[in-house]
Amino acid sequence: ASLPEEKPNEKRKYKCNVCGKFFSYKSSLKIHLRIHTGEKPYKCLECGKSFIRSDLLASHQRIHTGEKPYQCPECEKRFAEKSKLTNHYRIHTGERPYRCGQCDKRFVRAHHLVKHQSSVHQAGAKLYSCRECGQSFGHAQAFLSHQASHANGKRHQRCTECLKTFARRKYLLEHQRMHTGENPYTCPHCGKHFRYKQSLKQHLRMHREQPPPAPAVPPSLPGASSLEKDPLFETNPPSGT
């Protein structure tokens, strides 16, 4: 079974006696405890690898079957895991949800932010500071988890068509083009339309990478073809110089 969705405002009354973490559902706590006990009841029959949850096993088994059920609506690329589709889709939308607390630079993936902070900013205590509430963290992973808690509680922009929510109005407007069919970005070379600016940029690279057209061959001199067919020309060709 997969973990039930933990709702931000719901009372969490089930506590893990090992690490002190709270959960809204008893089933969530039961699955979480497997992290501490090492229990992995779901085993892959192909390679013997085991997992703590059935959905993790199902996702893993696609490695063996080659199944890729998650398709990008923009470029039709397919993925075996929904999380990989989510990360990929940000290439089209330009969304960068992971923000550095030191310099405000944003990233598509969490591990890109961690790498940036460890290589660019000096190491030290309480290096990662949250711009939302001012709380500081000494470890990047704790900082990322904290930022996610803010994001989960601040997705106020809601799509009236499918009820999906977004942290910023910009992302909502881009999403709504899926429902309206609007493609506001046009290629100046071929006239093709795109839903996202980033998709147009990727398309323009294709034009830049195409080889230039071959130069036009000049037409033959008038009468040259008829001269070559003349029997006299064939029997007495012009001598070379």
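A salt bridge is here a side-chain nitrogen of Lys or Arg within 4 Å of a carboxyl oxygen of Asp or Glu. The model is predicted: local features need pLDDT of at least 70, side-chain atom pairs count only at pLDDT 80 or more, and totals for chains, interfaces and linings use all residues. Residues are numbered from 1 along each chain as its sequence is written, and side-chain values use heavy atoms, with hydrogens and water left out.

Q: How many salt bridges does a search of the whole structure find?
A: Among the pairs is aspartate 55 with arginine 53, at 2.9 Å from N to O. Glutamate 95 and arginine 90 form another, at 3.9 Å. Over the whole structure, the number of salt bridges found is 4.

Q: Which residue forms a salt bridge with arginine 34?
A: Arginine 34 has a relative accessible area of 10% and is therefore buried (under 20% is buried, over 50% exposed, and in between partly exposed, with a 1.4 Å probe and protein chains only). The closest N and O atoms are 3.8 Å apart, and the partner is glutamate 39.

Q: Is cysteine 159 buried or exposed?
A: Cysteine 159 is found in the loop between β11 (157-158) and β12 (165-166); strands (E, at least two residues) and helices (H or I, at least four) are DSSP runs, numbered from the N terminus. Leaving aside residues up to four places away in sequence, cysteine 159 touches Lys164, Leu172, His175, Gln176 and His179, a contact being heavy atoms within 4.5 Å. Because its relative accessibility is 1%, cysteine 159 counts as buried.

Q: How far apart in space are cysteine 159 and histidine 179, C-alpha to C-alpha?
A: The two residues are in contact. In sequence they are 20 residues apart, and the C-alpha to C-alpha distance is 9.8 Å.

Q: Which residues of α2 are buried?
A: Helix α2 covers residues 54-65 and reaches 16 Å from its first C-alpha to its last, close to the 16 Å expected at 1.5 Å a residue; the expected span is 1.5 Å times one less than the number of residues. The cover over its buried residues includes β3 (42-43), β4 (50-51) and β5 (70-71). Those buried residues are Leu57, Ser59, His60 and Arg62.

Q: Which residue just after α1 takes a positive phi?
A: Helix α1 (residues 26-37) has 12 residues and reaches 17 Å, close to the 16 Å expected. Its buried residues are Ser28, Leu29, Ile31, His32 and Arg34. Just after α1, a phi of about 85 degrees is taken by glycine 38.
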